[in-house]
Amino acid sequence: MRSIGYKLPGSSSGFRRAPLVSILFSALCLAACGGGGGGADTTPTDGGSEQPQDTGQSTGPAPHAGPDALYFLPRADLAETGALDRLSGGTALFAAWNPSDPNTALKPGMKVMFFGAGRGCSAGTQGPLTALSDDRLAVLSNLTLMPAAAAKPALRWTPAGDADGCDAEARTRSGASAVYLNADDSNGAVGMLTTSGTQDDGAAPFFGPYGTAGQNGGGANAHITGTFVNFRQAWSAADPLQPWAGTAAARVRSAQSMGAFQLDAANGSTVQVKQQMMATFLNKACLQTMSGRPCQVQYLFNTAIARTGVTDWSTVKWFKDGGVWFDPAQGGIPIVDGPIYASGQSTLEEKSRLPLFVSQGSATQHKAFSGRTFDVTISFAQLHNALRITTARSLGLDLSAVGDSQMAQVWGASWNDRDAWVLLSGDVGQEVYNPSGTHKVQIGGGFRSLYVGPQ
C-alpha cells in the first residue's frame with residue numbers, strides 16, 4: 001500500500017482555497033455518545049438585508065452514534081484524565097502550532113492545531129500550546145458565545161513560544177488565538193478564537209498570520225492564520241467508517257455559533273474571516289492499487305464568512321456556486337467547496353450545474369449568530385458528480401465523454417463501490433486573512449457538535 005504523505009496546502013487564486021490544515025487529520029467515532037447536539041437555534045443577532053432568514057434548524061433526522069458515524073459531543077466525561085487521548089482509538093491528544101511531524105500528527109485521535117507565524121520564531125518551528133488564564137477564558141466566552149464554566153485548565157489551548165527555534169523573548173510569550181473545550185452534558189461546547197493584528201492591549205500577539213513569505217517561503221498562505229479542531233480516523237482499520245453504507249447518503253452536520261468578528265482593514269485593503277466544517281473521504285481500494293491518483297476528495301463547507309467590501313453575498317460570483325478544483329500542495333486531490341443554502345436547496349457546480357450537495361439546515365451566515373445547525377447531505381450520485389468532474393479535468397475530456405472506464409482510470413475499479421469509500425477526517429476550523437500587522441482582524445465562534453456519517 002502506498003503511504004499517505006503529510007502536506008499542508010498552498011494558497012490558491014482568490015479566496016476559494018483549501019484550509020491550512022492538512023487533509024489527513026481525520027474522523028473519530030464516539031460509539032458511546034448519542035443524544036442531540038447544540039442548543040436552541042436563533043435568528044442572527046446582527047442580520048442584514050441579504051442575510052438568509054431561515055430558521056437555522058435542521059430538518060433532517062436526529063443524528064446518532066453508530067458503527068459508521070463520527071459523532072462528537074463535548075460531554076462531561078471528556079474532562080476525565082486521559083479521555084481526550086482515547087478518542088477514536090488514539091493514544092494521546094495532539095496539540096501544537098505549525099505541526100511538522102507526521103509520526104505524531106497523523107495518528108488517530110483528536111487534534112488541536114494552529115497555523116501561522118510565531119513572533120521571534122524561525123520558519124519551520126513546531127511549537128507547543130499552553131493553558132489560558134481564567135480572565136482570558138472569560139473574555140473568550142463572550143467573544144465566541146460559547147459557555148466556559150466547565151473548561152478546566154487542561155481543556156484550554158493557546159500557542160506558546162517555549163520551543164526550539166524561538167528566541168528568548170518569544171519563549172516567555174503566548175496567545176492570542178485559542179481553543180477551549182467546555183466538557184458538560186448540558187452546555188458542552190468548543191470555543192474557538194482566531195485573531196491577528198494589534199490587540200486591545202496595544203501589542204501584537206505572539207502568534208499571528210504568516211508574513212509575505214508565507215508558509216513555505218514562496219508566498220503560500222501569506223497573511224493567513226488558522227485554528228482547527230480535527231478528528232483523525234483510523235481509516236486503515238479492518239472496519240473503518242463507511243458514510244455511504246447500504247443505500248445511505250453521507251451527512252455532515254454541526255451546530256455552531258459565531259459571537260463576534262472584527263474586520264479592521266488598513267488603507268482599504270481586503271481582509272476576510274470564515275468558519276467552516278469539513279469532511280474528507282478516501283477510497284481504500286484506489287489507494288491500494290492506483291499509484292499517482294488522488295483517491296481522496298475533500299468537502300469544505302463555509303458556515304460563516306465575512307469580508308470587507310461585501311454587503312450582499314448574493315452578488316459575489318465566486319461565492320454563489322460550488323467548485324471542484326485540485327489542490328497541488330495536497331498531491332492534487334480534488335476539493336469540493338461552496339456556500340450552504342437554506343434547507344432543501346442544492347449547491348451546484350459552477351460550470352456543469354451538477355448538484356454537489358444539498359442543505360437540510362441553516363444557510364451560510366455573514367453576521368453574528370447563535371446556535372445554528374448546518375446540515376448537508378451528499379448522495380452517492382452527488383459524490384459521483386464530483387468524481388466525474390475530476391475525471392474529466394484530469395484526462396482533458398469533456399464531461400459528456402466520461403464513462404465508467406474513464407472513472408476507473410482515475411479512481412480505480414472500486415470507484416462505484418459504496419463500501420470502498422471511508423471517512424478520513426471530520427473537522428471544524430477558522431481562518432483569518434489579514435495583510436496588516438497593526439489592524440485587528442478576528443473571528444470568535446465554535447461548535448456544540450460534529451457529525452459525519454450516514455443520513
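Arg353 is located in the loop that runs between strand E16 (346-348) and strand E17 (355-359). Select this residue first, and keep in mind that the model is predicted. Its backbone deserves a look: Arg353 is not a glycine, yet its phi is positive, about 65°. Is Arg353 buried, partly exposed or exposed? Its relative accessibility is 40%, so Arg353 counts as partly exposed.

Next, go to Asn98, in the loop between strand E2 (94-97) and helix H1 (102-105). Asn98 also has a positive phi, here about 50°, and is not a glycine either. The relative accessibility of Asn98 is 14%. Because buried means under 20%, Asn98 counts as buried.

Select Gly175 and Ala176: the bond from Gly175 to Ala176 is cis, with omega near 5°. Ala176 belongs to the loop between strand E6 (156-159) and strand E7 (178-182).

Now turn to the rings. How many aromatic pairs does a search of the whole structure find? The search returns 17 aromatic pairs. One of them joins Phe115 and Phe228, an edge-to-face pair with 6.0 Å centre to centre and 75° between the planes. Phe115 is in strand E3 (residues 109-115) and Phe228 in strand E10 (residues 224-232), so that the pair links distant parts of the chain, 113 residues apart. Phe115 and Phe228 are both buried.

Select Phe281 and Tyr299 for another pair. Their ring centres are 5.9 Å apart and their planes are at 70°, so this pair is edge-to-face. Phe281 sits in strand E12 (residues 272-283) and Tyr299 in strand E13 (residues 296-307), so the pair ties together parts 18 residues apart in sequence. Phe281 is buried, as is Tyr299.

For the last stop, select Arg251 and Tyr451. Which part of Arg251 sits over the ring of Tyr451? The charged end of Arg251 does, at 5.9 Å from the ring centre.

Key: Residues are numbered from 1 along each chain as its sequence is written. This is a predicted model: local features need pLDDT of at least 70, side-chain atom pairs count only at pLDDT 80 or more; totals for chains, interfaces and linings use all residues. Side-chain values use heavy atoms; hydrogens and water are left out. Helices (H or I, at least four residues) and strands (E, at least two) are DSSP runs, numbered from the N terminus. Buried means under 20% relative accessible area, exposed over 50%, partly exposed in between (1.4 Å probe, protein chains only). Rings of Phe, Tyr and Trp (its six-membered ring) pair if their centres lie within 6.5 Å; planes under 30 degrees apart count as stacked, over 60 as edge-to-face and the rest as tilted. A charge sits over a ring if NZ of Lys or CZ of Arg is within 6 Å of the ring centre and within 35 degrees of the ring normal.
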